[in-house]
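Please look through the structure shown here with the sequence beside it, and then read the briefing that follows. It moves from single residues to the chain as a whole.

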Amino acid sequence: MAEAVAPSAIPTTPIALPVSLPVRTVLPWALFAGLLALVALYFVGAEQGALSVFAGSDVHEWVHDGRHLLGFPCH
(Lines give C-alpha, C1' and ligand atoms only; values in the text may rest on other atoms or scores of the structure.)
Protein backbone atom coordinates (compact mmCIF):
# COMPACT_ATOMS: atom_id res chain seq x y z
CA MET A 1 0.00 0.00 0.00
CA ALA A 2 2.92 2.28 -0.17
CA GLU A 3 2.46 4.73 -3.05
CA ALA A 4 4.83 7.47 -4.19
CA VAL A 5 3.43 10.83 -3.16
CA ALA A 6 6.29 12.93 -4.58
CA PRO A 7 5.31 15.30 -7.40
CA SER A 8 6.32 14.24 -10.86
CA ALA A 9 9.08 16.20 -12.61
CA ILE A 10 7.29 15.85 -15.95
CA PRO A 11 4.36 18.23 -16.48
CA THR A 12 1.10 16.42 -17.08
CA THR A 13 -0.83 19.31 -18.67
CA PRO A 14 -0.67 19.56 -22.47
CA ILE A 15 1.25 22.49 -23.91
CA ALA A 16 -0.67 24.61 -26.43
CA LEU A 17 1.10 25.07 -29.74
CA PRO A 18 0.66 28.26 -31.82
CA VAL A 19 -1.73 28.06 -34.74
CA SER A 20 -0.12 28.21 -38.16
CA LEU A 21 -1.84 30.66 -40.54
CA PRO A 22 -1.12 30.31 -44.24
CA VAL A 23 -0.01 33.50 -45.97
CA ARG A 24 -2.69 33.01 -48.65
CA THR A 25 -5.45 33.50 -46.11
CA VAL A 26 -3.86 36.45 -44.32
CA LEU A 27 -2.57 38.43 -47.33
CA PRO A 28 -5.94 39.69 -48.69
CA TRP A 29 -6.95 40.92 -45.24
CA ALA A 30 -3.57 42.58 -44.72
CA LEU A 31 -3.87 44.37 -48.08
CA PHE A 32 -7.42 45.47 -47.26
CA ALA A 33 -6.34 46.82 -43.86
CA GLY A 34 -3.39 48.61 -45.48
CA LEU A 35 -5.69 50.20 -48.07
CA LEU A 36 -8.08 51.38 -45.35
CA ALA A 37 -5.15 52.82 -43.41
CA LEU A 38 -3.95 54.73 -46.48
CA VAL A 39 -7.43 56.13 -47.13
CA ALA A 40 -7.73 57.21 -43.49
CA LEU A 41 -4.27 58.78 -43.65
CA TYR A 42 -5.24 60.68 -46.80
CA PHE A 43 -8.41 62.08 -45.23
CA VAL A 44 -6.63 63.08 -42.04
CA GLY A 45 -3.49 64.41 -43.66
CA ALA A 46 -4.25 65.77 -47.12
CA GLU A 47 -7.98 66.36 -47.61
CA GLN A 48 -7.87 70.12 -47.93
CA GLY A 49 -6.78 72.74 -50.40
CA ALA A 50 -5.56 71.74 -53.86
CA LEU A 51 -5.70 67.99 -53.16
CA SER A 52 -9.30 68.11 -51.98
CA VAL A 53 -11.64 65.42 -53.32
CA PHE A 54 -14.76 66.85 -51.71
CA ALA A 55 -15.76 70.51 -52.01
CA GLY A 56 -16.12 72.57 -48.87
CA SER A 57 -14.57 72.09 -45.48
CA ASP A 58 -16.81 69.36 -44.03
CA VAL A 59 -14.16 66.62 -44.13
CA HIS A 60 -11.61 69.03 -42.70
CA GLU A 61 -13.86 69.76 -39.75
CA TRP A 62 -14.58 66.06 -39.10
CA VAL A 63 -10.87 65.13 -38.94
CA HIS A 64 -9.57 68.40 -37.52
CA ASP A 65 -8.63 67.07 -34.08
CA GLY A 66 -7.07 63.98 -35.62
CA ARG A 67 -4.81 66.20 -37.70
CA HIS A 68 -3.48 67.96 -34.65
CA LEU A 69 -3.16 64.67 -32.75
CA LEU A 70 -1.01 63.20 -35.55
CA GLY A 71 1.02 66.39 -36.02
CA PHE A 72 -0.35 67.53 -39.40
CA PRO A 73 -0.52 71.31 -39.82
CA CYS A 74 -3.86 72.62 -40.99
CA HIS A 75 -3.94 76.36 -40.23
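Histidine 60 has its place in helix H2, and in this predicted model histidine 60 counts as buried because its relative accessibility is 12%, which falls under the 20% limit for that label. The C-alpha atom of histidine 60 is separated by 7.8 Å from that of valine 44, although the two residues lie 16 positions apart along the chain. When residues up to four places away in sequence are not counted, histidine 60 touches Glu47, Gln48, Arg67 and Cys74.

**Arginine 67**

- Arginine 67, one of the residues that histidine 60 touches, is found in helix H3, which covers residues 64-70.
- With a relative accessible area of 0%, arginine 67 is buried, since that label applies to values under 20%.
- Leaving aside neighbours within four places in sequence, arginine 67 is in contact with Phe43, Val44, Gly45, Glu47 and Gln48, and also with His60, Phe72 and Cys74.
- Glu47, Gln48 and Cys74 are therefore found both among the residues touched by histidine 60 and among the contacts of arginine 67, where contact means heavy atoms within 4.5 Å.

**Phenylalanine 54**

- The place of phenylalanine 54 is in the loop between H1 and helix H2, the latter spanning residues 58-62.
- Phenylalanine 54 counts as partly exposed, because its relative accessibility is 44% and this label covers values between 20% and 50%.
- Not counting residues up to four places away in sequence, phenylalanine 54 touches Phe43, Glu47 and Val59, and Phe43 and Glu47 are also listed among the contacts of arginine 67.

**Aromatic pairs**

- How many aromatic pairs does the structure hold? There are two of them.
- Tryptophan 29 and phenylalanine 32 are separated by about one helical turn, because they are three residues apart in helix H1.
- Tryptophan 29 counts as exposed at 63% relative accessibility, whereas phenylalanine 32 is partly exposed with a relative accessible area of 46%.
- Tyrosine 42 and phenylalanine 43 also form an edge-to-face pair, with 5.4 Å from centre to centre and 70° between the planes.
- Both members of this pair are partly exposed, tyrosine 42 with a relative accessible area of 24% and phenylalanine 43 at 26% relative accessibility.

- Valine 19 is placed in the segment before helix H1, which runs over residues 23-45.
- Is valine 19 buried or exposed? Valine 19 counts as exposed, because its relative accessibility of 73% is over the 50% limit for that label.
- Together with Leu21 and Val26, Val19 makes a nonpolar surface patch of about 310 Å².

**The chain as a whole**

- The chain contains three helices and zero strands, and reading along the sequence gives the pattern α-α-α.
- Of the 75 residues in the chain, 9% are buried, and histidine 60 and arginine 67 are among them.
- The accessible surface of the chain comes to about 6900 Å², and 72% of that surface belongs to carbon and sulfur atoms.
- Among contacts in the chain with a separation of 6 or more, 23% are accounted for by residues 24 or more positions apart.

Conventions:
Residues are numbered from 1 along each chain as its sequence is written. This is a predicted model: local features need pLDDT of at least 70, side-chain atom pairs count only at pLDDT 80 or more; totals for chains, interfaces and linings use all residues. Side-chain values use heavy atoms; hydrogens and water are left out. Patches are made of residues with over 30% relative accessible area and no salt bridge: like charges are joined within 9 Å, nonpolar side chains (Val, Leu, Ile, Met, Phe, Trp, Tyr) within 5 Å. Accessible areas come from the Shrake-Rupley method with a 1.4 Å probe; for residues, only the protein chains shown count as cover. A salt bridge is a side-chain nitrogen of Lys or Arg within 4 Å of a carboxyl oxygen of Asp or Glu. Helices (H or I, at least four residues) and strands (E, at least two) are DSSP runs, numbered from the N terminus. Buried means under 20% relative accessible area, exposed over 50%, partly exposed in between (1.4 Å probe, protein chains only). Rings of Phe, Tyr and Trp (its six-membered ring) pair if their centres lie within 6.5 Å; planes under 30 degrees apart count as stacked, over 60 as edge-to-face and the rest as tilted.
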